[in-house]
Each structure stands twice: as C-alpha cells, then as structure tokens.
Amino acid sequence: MINSAIKKVIVLGSGALKIGEAGEFDYSGSQALKALKEEGVYTVLINPNIATIQTSEEIADKIYFLPVTATWVEKVIEKEKPDGILLAFGGQTALNCGVDLFRQGILEKHNIQVVGTPVQSIINTEDRQIFADILREIDVLTPKSVACDTIEKAREAAKQLGFPLIIRAAYTLGGLGSGFCSNEEELNKLAENAFSYSPQILVEESIKGWKEVEYEVVRDKYDNCITVCNMENFDPLGIHTGESIVVAPSQTLSNDEYHKLRTLSIKIIRKIGVVGECNVQFALDPNSEDYRVIEVNARLSRSSALASKATGYPLAFVAAKLGLGYGLHELKNSVTKVTTACFEPALDYVVVKIPRWDLNKFEGVSKTLGSSMKSVGEIMAIGRSFEEAIQKGIRMVGGGMHGFEGNRSEMEITDIDGELKNPTDRRIFAIAEAFQNGYSVDKIWEITRIDKWFLQKLSNIHDLKNRLIEFNTLAELPVDLLLLAKKQGYSDFQIARLVMKNPDSQIQSDLLKVRAHRKSLGITPVIKQIDTLAGEYPALTNYLYVTYNGTEHDVEFQHDQKSVIVLGSGAYRIGSSVEFDWCSVNAVNTIRKEGFRSIMINYNPETVSTDYDTCDRLYFDELTLERVLDICDLEQPLGTVLSMGGQIPNNLAMRLHKQGIPILGTTAEKIDNAEDRNKFSAMLDRLDVDQPRWSQLTTIEDINRFVDEVGFPVLIRPSYVLSGAAMNVVSNKDQLHHFLTLAAHVSKEHPVVVSEFIENAKEIEVDAVAKNGEIVAYAISEHVEFAGVHSGDATIVFPPQKLYIETIRRIKKISRKIALALEITGPFNIQYLAKDNDIKVIECNLRASRSFPFVSKVLRTNLIEIATKAMLDVPFEKPDKSLFELDYVGVKAPQFSFHRLLNADPVTGVDMASTGEVACIGENFYEALLKSMLSVGYRIPKKTILISSGPTKGKVELLESARMLKERDFTIYATGGTHHFFKENGIETEQVCWPDEDNADINTLDLIKNRKVEMVINIPKDHTTREISNGYNIRRNAIDFNIPLITNARVASAFIYAICKLDLENIAIKAWNEYK
Amino acid sequence: MRKVKLILEDGTVLEGKSFGYEKSVAGEVVFYTAMTGYPESLTDPSYTGQILVSTYPLIGNYGVPKDLIEDGIHKHFESNKIHITGLIISDYSVGFSHWNAMMSLGDWLKSQEIPGLYDIDTRLLTKILREKGSLLGKIEFESEEIEFFDPNLSNLVAIASTDKVITYGNGAYKIVMVDCGVKNNIIRCLIKRNTTVIRVPWDYDFTTLEYDGLFLTNGPGDPAMCDITVKHIKVAIAQEKPIMGICLGNQLLGLAAGAETYKLKYGHRSHNQPVLLNGTNRCFITSQNHGFAIATETLPSDWESLFVNVNDNTNEGIRHKTKPFFSTQFHPEASSGPVDTEFLFDDFIESVKKNKSGK
C-alpha cells in the first residue's frame, strides 16, 4: 500500500565529500532515487557534487547543482512545488538542512510531506538531552550525561560526574569537536572548541575501553522491525567508529549479548518512530552484559552503506520504499528475488572494514586517533576467516603495506608501548611489531583493551610468519603450510619476501614464482557468492569474493570473449575519490549497452561501482596484480579496462601486460612512456614540446648546481620522505637545505627530482579522448589559482574564460601531437602551464582524470562513454560541440576538511589537501563561482573581514577587492603591511596586530576568537609552511572557530567581486537541463 | 593427526580436521544459518541424531559458558548435554575470549564425546543439502569405518524426553508440559510468568492430571513417531483448557486436530525466518529448527492457520477457531535467536488466567 499523494519529491544530497561524510551518500542517494523511479515518483535532486553517480541524467529526473542549505532548497521548492522531500539520504548535511526547513516553517508553508522518518524524530535523536530523556522513558541506558550551553555549566557537570569524561558537540558530523578529557584544563580546551561548532555540548561519563557494537535497524509503517546487520569495532570505545577497524557480524558477542542489544535496538527505533533505517551504537561492558546506548542516527549513514555491502541487503533502496508506505514483507529480497525483504541476512563470511587515512598529506596534523574522525575513506575486505579478511584489508587500504606481516622497511615502529597506548593510523602495525618483540596477547590486551579474540587471530598470522621464514626456497616449503598461508590471507608477495628473502628489487619476479609454484600444486582460490541467506535459498547473485577457505566455485565462467573487466579505484583518498567511481560506473554502463558483459573489481564500500546491480559481475576484492590475475585466469576476459579507476589500475598496466592480460585502449608500453619521467621527457623533446626544466639528482651538490642553473623557486619531489609532505616548493637556499636534511632523504637509492617552478603561470587542463592517436573529443579548462596549487585543490573553470585564443590553439596542437605519439585510445589528461602564450607540459596521464565528470556534465557530453566505445572499438559519434558555444560556465571548487585535522595548516600547495569537490553552473563565471564556494561551506560576509594579504602580489591582487568592500561599508581589519599598502592606495582599514605582537592594536586572534570577523583572508607569504608562524596561527584559528578562510589571493578577489556584484535574490534557479 | 572425513550418502567425501572427540559417528546431516548461539544450539534436544553444519564459518569465538544451575535448570544451556551427533564448521577459533567462558568449544565437545570437524567448505556442503535435501552422513576417522544410520527411523523423542516427572517454579498457574525434548528456555519463559511447570515424559498420560494449561514442547524427528502423545492431546482438545505448542508441539497439535504433516526438503534452521500473522501486516523474525511441517490445507474446518512463512508459504502455526488452543512452528522462546515473539507466552498465560477465573 503506497502513498499515492506523493508524485514528485525533492531528494537532498550531501554535497562535497568531506571527512565524516563521503562517498557512502552517493551510494545511498542513488539507491533511493532508483527506488523512487521504480515507483513512478518524479525526483528532483539537489546536490552540488557533480562527480557523483546520483547527479547523472538517468538517475534523477531533475538535478540542481546548488548548495544544500535551507535558503537554496526553498528556492527550488518554490520553483518545483514538490509533494514530498527525502532528508535521510544525504548524510548530516541533508538532515541539518531538513531540520532548518522544518524549523523555519518552510515545509509547512509549502505543504511538503517528509518521506520517511518524521523531522521531530530526527530532532529527538540529535538533541542529546531529549534523546536521553526519551530512552529513559523506555528504561534504556545511556551514558550519564549533562547538556551544557556554557563553559561554566560544563565545569559544574564535570564535578558532578567525575573525570575522565567525554565532551561532545551536538549537531555535528562524525564526532566533530569531541574528545576525552581527564582534568579541568583539558576540559576547558575541549569545551571551548566544541562550542565553536555547536551551541550545546555534552559532558558525559567515560566508558572508554568498552566494546563498541552497532546495529542497523529497519522499521516500516506497520511497526515491523528487523536488524539487518550488527558490527563490532576491533578498537574498543574511545576511537570513533569511523576511525576504527570494524568487523561484521560481531565476533565476540554471545547469543544473549547479541540479542539483548538487538532487542534494545528495536525498542529504540519503535520509540523514536523511524520509518526507514536507523543506526544504533552501543557500548558493551567487556566483563558483563551491561551496556549504554551511545548514539542513534535516524538516517542512512556510513555504517548503513557498509552494512549494505557487507550483507547484500540494499538498505537505502528499502528505506526509500518504506518511506513511500510499503511494508517490509511486501518487498522482495533483491538478491534472491523470491524471498522477502523482511528478514535478517545470514552471512557465511566475515567482513572487515579498515579506514584509510592520509595524514601524511598535512603539515603539523596530530596523528592520534580519538573520538573524532580523520580518515578520508575506507575499504571492506571479505573472507571466510578473520586472518584472510584482515590481511586482504590491510593491502586494500593502499598505504604500501602488504598485510599484517611481511612489511620490511615500509614501516618502522620504535616506541611500541607508546603506539599501542596512544593509537595512531599505524596501530595495527604496532601490534605486529609488538608480537615481533615477544609481547603476549595478554600484554597487548593490557595496553590496548582490544578483545583478545582479535589479538589471538592476529597472533595466528604472526606465528605462521615465523614458520614461513624457517624455509628458504619454495621447493622446501611444505604444501600444507603454503596452503595455510593462503587461507590466512598471505599474498604471493608476502610469501616471496618471507621465504625467498631476496632484495626488494627482485620481488616482482619472485612473487610470480610463488604464483607459478602454487598453481603447479593446485593451490588457487575459489569464488564465492554473497547471497544474504548463507546458501539456504538458491540465488542468482553476481556479488562475488575470492577466498582460499573453500574448495568449490559458486559460479561458472563463460569463456566466450564477451566479458570486459573494469578495475575500480579502491579506497577513497586524497587525490582519488568519487570522480573515479563515476568514470568506472559509466564505463561499465557503456560496456553493457554495447552488448558485452561487464565485470567490476573494486573493494570500496562507499561506491556505486560496488553495487551488485551496476555490473554483470562484481568481484568485491583486491586490485593487486595477484588478485587481478586470479580473476583473469578464471574469467578469461576479452579485455581489461585500466583507465577508469585512477592511479591504482594504471600502475598495474605493464605487469598485467607482461602476464599476457589483454588491455583495452592505449597499450601498456605507451602508458609506461607517459608514466616514466625520463621516457616522457625524451618524447617531448623529440616532439619539440616545451616542459619545465627538471633533473633527477642523487647528491646535495648536484641539486645546488641544478638550482643555480634554473633559479629559485624549485619544486622538490623526493622518492623517500622522512616526514611531512612528499612534494614541496622551496624559494631559497635555506629552505632547500632545511627540506633536504629534515624532511627528505637524498642518495643513490633515493633520488630527488628537482623541477623549475614557474611563478604566476596559468594552469590549464585538457581532458580528452582519442582513438588510435587521434583526438575525438576534448575539454580545456583553466585554474583560477596560478600554478603552484595542486590541480585537485584548484578552483577550475570550464569553459575557460580568460585564456588567449592563441594559448588555446597551441594547447590543442600540442595535445594532438602527444596523443599521436602515444597512440592513445581512450581517455587522457594533460596539464599545461601557460605564461604569455608560452606553453609547457607538466604532466600527462593516459587515463581518466579527476575532472572528467565535471567537464562531461558541463558539456553534457559523456567523455567516458566515448572513451569506452573507443577502447571497445565500436562505432561512436564524434561530438560536434565546441567549447566556445556554451552560454554558461561551470566552476569546480575544492572542499577541505581542515576542521577535522587537528593542528593541520590549512593551506594549499603542490601536494593535494582537499577531500572533495563541488561544481555549479552559472550564467557567468562569478555566479558559478559564488554558488560553488557557498556549496563548500563559505558564507557571505556582510560587514567585517580580516585581510592579511601576504606578498606584494597578493596585496595588489586584493586592492580592488578592498575598494569594493569599502564601498559597501565593510569594516576591513588588516595586518600591518596590508594596512599600510591599502592606506597608500587610499583605502582605510583597521590595523590589527599579528598573533605574536603585543601592542595597542587588537590582536588578530582575538578578532577571530571573539567572532568579530565574518571572513578571514590570509595569503601565505612564501612556500615554507613548516614553522608555526603567525600566518599559521591565524589560519588555524579561523578553522577552529569556524570562520570562512581563503588563502589564495586570486580566489579571494574573485569571491569578493562575486559577492559585491551579484545579488543572491536575483540569481535564477535553474536545473542542469535548463542550461542550454 | 588422524585423518578424518565427512561422507554423505550421495557419495560426497570431504576431508577435514578434528577439533572435538575422535570417534566415528553417523546421522542425518543438516545445516543451520544462525551466526550466534552455538552453545544453545548444540544442547537443543531437537538436534538429536543430527550432524550439524554451521554455515557461519567462524565458530568457537567466545568459548563455552560456565555451567551454572538456576531454578533447577542449566542457565546457559538448553538441556543438560550436547544433543547433536557431530559438528561441521569451516574455521575453528582455537583461542576464545569471553568473560563468561569456562572452556573452549573443542574441549567441551571432547568432554561430551562429540566429534567436531573444521576446515571444510561448509558453503559447498550447504548447497548440496539445499539441492538434494537433508542427507544421511557420517564422520569417519581413519581406520574406524562405520555404517550410515537414519535417526528418523528411531524414536528420537523417546531419547530426548525426560524419563520422570519434574516440577519447576511455584507460581499460581499449573502448566503441564509434555516434554518431547524441551529446551530449557521454554521452562524459563513459563516460570517467570507466575506458573508451576510440571514436566512429564512424552508418553505420559497427562489427561489424568489437574492443570490450568497444557504445553507441548519442541523435539526432534518425525511427529509420526509420537502416536501416543497425539492420542493424549486428542483428549485435551476435546476439553477447554488452554493449550500452547512449539515446533514439534505445533505438529502434534496439528495431528491431534486431524491435519497431516510432511518432511520438508531441508528444513528451517536459522534465526532469520520471517512469519506473517495471518490477516495482519505484522511480520516477525523468528528462530527455527525443524525438518517437518503441517500441511495447512489438511487442517479441519474448526482450525485455522495462525502464522505463515513469508519466504516459502509453509505453515508456521495454527489455532482453534473458538477454543484457546494455538501453537507455532517457530520458537518464541528463542535461545538462540531473536526474542521478538516472546509475547506469545503472555498470550498463553493470559488465556490460562481467563480460563481459570471463568470457572
């Protein structure tokens, strides 16, 4: 029985990917849209994240690339007049927006029904005090907690509850502003910070060290309830669940404990009145059945995405249907197609989720894991033993590690106790190191409180390593030991290293020897299905994983030269994110449309590509050479596509090719020619194409000599990094020396690449598709920032607005030459520098790039579809659209997550730091820029701004901006140099002193802390970002006190121009398809 | 290590490794898909005669709980011993961890002389059983060959039932419980509802006793083996006193009413079986363990279906249209499994109360 009054709905997306809110909401939103479409409901999606699958024409009926805030959503409501709105599928962003719409009476005013869980229920779970009160009514325990709206009240509460305590901010994403404190000083610090995010904070009893267990609960309007999945954290309470290794189902809970918490989950969802899905998090005493409810999320969450992938139960899809009025028992299990959706999946495998951190990308960031989230992505590994799953998972994370054991120089841990006690992103390896140093399971448990069951399993892996290293050749390695190693998830790489013990230079050939050896012994993995019912009912499921803990394949392989394998992108990380999922899914779609069978390999639970109905076969497994070869051996595909998933598949090209795996599109040799710096450089010389001068050097003397020749600044790329970022720009000898001695290592084994760095140059990107060396489609876009900001962090404009015709002509010509020389078939991307029509090539990637979805969607021409057809060698139409014909502009803006990265310096540089992006379309550049910057969280200042404009260039750039702001009666606070420069140019500003100055002027930090400014513009002076400087203090405080910060002068001046010249009220609200 | 194999009557041979008692055994091989609760399942008398295959691969994780007695019954077990004939799993956790554990699963199996095999592709095995139905099988240790044995040919209820009358609790309502292989949690569920439970052997003529309500328990094997029990129930349903049955109890009540039972291809043994309360939109997730079922269409006209399985439409419970008699094929007492239908005990006690006060 569905609600027939709902014919048209608005679905709110989650915007840019950020820490705590990532790709999982593309997955859940896409599922919901699919479910709505199936019911004939007209869908209007609001989401500025242009790289997502959900913002594709065939998924939603109408798409608005606009900020997900009440103001903008109301404008869309006024225009679209929907019957209903869905708030549960766009993470905390959509939920908060929904609460705002409700509180401001907008939903009522426009008579819009909330589809699914009522807003009041959401508010009841979000306000911790109300939540605790409600649970008390049904005798459900929550941690003793006091809600406080002032710091005095927080101190009072602390006295009452006693330390240690946890401080939480209400209404925030993924534990933002939360932390543990054990004394009043720590409390003051934490509380102050938490108040900057939320008007309400909670002071709670600490239950650190308890088990953390989650349930995903579903309820329909008939009050039928199921728990789809439970999950147990490997790390005890104290580490945010997003930062924790998580297993599903729970492993250490008895039946009584499992069902006690399950029953409580159902009791809670009934009381709250959720219709759809919610997540309940528990703390469970490791020494009794005592428990506390920690949190309830009355919406789809990261955990629910994980639970969907872990079980095969499509939570978001079902939740959307329940919102429309279905009963659970009226829906079918989408895997078996015959049984009902009203059931609880039975797993016959174990799933391990491991977070992916990229903390090395940030200067100064604290690496300690705690109650707020820092990870940027996650992986899910499936096995039929814990050992198998966790070893797979560690490899999947992609930090260069090979498993729990067998990591040689990849990780050096000296302070084992310290690492165990204060866990960092290296915790799992600290455990390995502890075993290596003779620590017992009990001793590690004493320090970490990780359940002994997990530690015993890890110790099994360690014990097996000790048995493996007793042998020195494959011939003498007992067969049963080799088989056991594979069952415990040891890779050929690990076995090669542990048994053969050759230097790393031989490892690639050694691991192939292991492979050949085990194949000769018949030791090969089997393919198993995920079918939601543990084999009880027959299921034609195509959701597969690879295991050594079994003897029979669940599926048959058709060797008919009709299947094409697409390699996905792996874990989301800084530099490789949802955009590659969009590319992968579009490649898969094209492959299917062209009559081939598509096979996807990927292991990222936050993606649409790992949705089993996206492709004909999904291998939820590793993207290592070994695993891809295993799958190719079985499938014998027509070809493999390596150019859609970013760098991970690209890096496999040569090695797969050497093993005889057919690669579609550009050949492996040509990919190597583009990837190998020397080969590529020589080719450019032959083609007479210019590039910044560079050299690969092995001594400090050589580096100095090279720098003397090209002059400062130079870009340094060490091959071995001691600490901090891998790349850096240095402007003088001191900085160079400092970087090379403290941060990097220079030697014959670890050469350093030094490149000339061209200042004030424009950076231009070409995203294109070629067939047999001829370009068939292309898009040229320009960066707002000058070169020096990583292309992933840049604000990008398409089509370009400020390029010389001559520049464009030259770029097209060079691109054609390169495409021809590399005989490209498929997608590619070239990055250029342009200074006065002088064009230099920086980089060329023979794969899809981050900007493919952006340019494809702005152009309304799917470059990936064309590229895939080119690779499949099927006919396609060459697009005739010229980029000059567009009457609108797209601007892509980066999303940073600095507020989550304690102490990190919020600047952009040559290494990428953003975690996501948005793109909006406008009638002109400024309109598009404004929308996209508002979409990544900027707010328009009304009266006050702080400017410290850095180097002269910055000052000049911002002069006109300052003038415009003055004309609009802004109070401009400026630091000394800026103040004087502006004054000399006739602009009055209030002078403020630097953080470390102490004079009569107001201190910049006080301005920020007291929220006397609405925006901070701080342009770093030079490229050294290492020292804790005044600039750092200003920037960091702006982030910590949640004041919008711009650190690039060109972006700042464009933003100020936009806010001064445009009136928000007059911006036309147009859907994507209305830009023609 | 001694070589050991699982051999099925269809000729399938799977080699495994032993982690339990080393003894060759034969029985009926069935699979169950629950992910928790092996101590409860192994002590469930309904599994008498069966070699149990766990589809969940990681078993033994939390060891075996302490053997405590509460109200005259084992607190953490469903009976006083392991009832399965043998256990087949994929991955055995040698190391276990739980605050309430007293020993490992392997040691427990050894202490009760029950064999256990690991390192077997249990998914493969499950698929065979799903395709061919439950099969006879044997766990054979090297140089200890044995014959196949069909437990359904013997009276398993007689083996699983008590041989004497035992009384539990001291409540206001007197419940006679016909023990066909009762799970302890049924007793717990009753005595915490102000009852005195008189547990009698399966073939005991309870019609001679004074009581307020009659309870028909779960149990192993073919209901057709329990003619004598059915005969006694026929007497009871001619009267008015409330009756509740579970699992085998459901089948016996059905037989007494005049319906027929049949053997399912491979039965329901799991924690995730959805049952719909007839005439409503209420669907419950239930714990189940049975190989036989009532053929709903054979129910006489004064009886009706109470619950139906949403997945395969098999009978999940019956009730009398006018008298206070009902029974479920699933296990409202759970243990192991979800407890969502425990309210049925309240319904039973409520009708007992009503019936008693009505006198």
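What follows is a friendly talk about a few residues in this predicted model.

Mentor: Local features here need pLDDT of at least 70, side-chain atom pairs count only at pLDDT 80 or more, and totals for chains, interfaces and linings use all residues. Residues are numbered from 1 along each chain as its sequence is written, chains are lettered from A and ligands numbered from 1 in the order in which they are written, and side-chain values use heavy atoms, with hydrogens and water left out.

Trainee: Let's start with A:Asn586. Why is A:Asn586 called buried?

Mentor: Buried means under 20% relative accessible area, exposed means over 50%, and partly exposed is in between (1.4 Å probe, protein chains only). A:Asn586 has 7% relative accessibility, so it counts as buried. A:Asn586 sits in helix H20 (residues 578-593) of chain A; helices are DSSP runs of H or I with at least four residues, strands are runs of E with at least two, and both are numbered from the N terminus.

Trainee: Which residues does A:Asn586 touch, not counting those up to four places away in sequence?

Mentor: They are A:Asn862 and A:Ile864. Contact means heavy atoms within 4.5 Å.

Trainee: Why does A:Arg449 count as partly exposed?

Mentor: Its relative accessibility is 37%, which lies between the 20% and 50% limits, so A:Arg449 is partly exposed. A:Arg449 is in the loop between helix H15 (441-448) and helix H16 (452-468) of chain A. A:Arg449 also has a positive phi of about 65°, although it is not a glycine.

Trainee: And B:Ser335, buried or exposed?

Mentor: B:Ser335 is buried, because its relative accessibility is 10%, under the 20% limit. B:Ser335 too has a positive phi, about 45°, without being a glycine. Look for B:Ser335 in the loop between strand S23 (325-328) and helix H8 (343-358) of chain B.

Trainee: What makes a set of residues a nonpolar core?

Mentor: The members are buried Ala, Val, Leu, Ile, Met, Phe, Trp, Tyr and Cys residues, joined through side-chain atoms within 4.5 Å. The largest such core has 357 residues, and A:Ile818 and B:Leu105 touch the most other members. Helix H35 (residues 1049-1061) of chain A gives the most to this core, with 9 residues.

Trainee: Which residues is A:Ile818 in contact with, leaving aside neighbours within four places in sequence?

Mentor: Among them are A:Met683, A:Leu684, A:Tyr832 and A:Cys844.

Trainee: What kind of peptide bond joins A:Phe163 and A:Pro164?

Mentor: A cis peptide bond, with omega about -5°. A:Pro164 lies in the loop between helix H7 (151-161) and strand S7 (165-169) of chain A.
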